[in-house]
Amino acid sequence: VQLVESGGGLVQPGGSLRLSCAASGITFSIYGMNWYRQAPEKQRELVASIGSRSSTNYADSVKGRFFISRDNDKNTVYLQMNSLKPEDTAVYYCKVTGTTYWGQGTQVTVSS
């Protein structure tokens, strides 16, 4: 199983980024997918989840700003991040629900 994140980078406060996580080696459509993040010296936290039927859940800190989606034809899950804040700075990881399959992470830095 391989999960490859992309789309991170440096963005100014108030800006937007879209993260992608491309999965291979699994039957993607039957699994829920998750985005986590880990800031320096903080615990990894769940940011957003999407079920196999596209039900979604979000951490309170990102509700209304972040949106998770999936494209089963492309075996890819996305995280659209809007109105970014400096406190969103972290390494973002995708994970397959109910497994220990993690991506390698992509850095998001929100700074002026």
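This is a predicted model: local features need pLDDT of at least 70, side-chain atom pairs count only at pLDDT 80 or more; totals for chains, interfaces and linings use all residues.

Analyst: Residues are numbered from 1 along each chain as its sequence is written, and side-chain values use heavy atoms, with hydrogens and water left out.

User: How many helices and strands are there in the protein?

Analyst: Helices (H or I, at least four residues) and strands (E, at least two) are DSSP runs, numbered from the N terminus. Here there are zero helices and 10 strands.

User: How does its radius of gyration compare with the globule rule?

Analyst: The radius is taken over C-alpha atoms, and the rule is 2.2 Å times the number of residues to the power 0.38. The protein has a radius of gyration of 13 Å, close to the 13 Å that the rule gives for 112 residues, so it is as compact as a globular protein of that length. Its C-alpha atoms fill a box of roughly 40 × 25 × 25 Å along the principal axes.

User: What is the order of strands in the open sheet?

Analyst: Strands of a sheet pair through backbone hydrogen bonds, either parallel or antiparallel. Two strands count as paired if DSSP finds at least two bridges between them. The open sheet of four strands has the order β1-β3-β8-β7, with antiparallel pairing. Its edge strands are β1 and β7 (66–71), each pairing on one side only.

User: How many bridges join β1 to β3, and how many join β3 to β8?

Analyst: Five bridges link β1 (residues 2–6) with β3 (residues 17–24), and six link β3 with β8 (residues 76–81). E5 stands opposite C21 in β3.

User: Is N34 buried or exposed?

Analyst: Buried means under 20% relative accessible area, exposed over 50%, and partly exposed in between (1.4 Å probe, protein chains only). N34 lies in strand β4 (residues 33–38) and is buried, at 8%. Of the 112 residues of the protein, 44% count as buried.

User: Which side chain makes a polar contact with that of N34?

Analyst: A polar contact is a pair of N or O atoms within 3.5 Å; within protein, one must be able to donate a hydrogen and the other to accept it, and residues adjacent in sequence count only if both atoms are side-chain atoms. The side chains of N34 and S49 are joined by such a contact of 2.7 Å.
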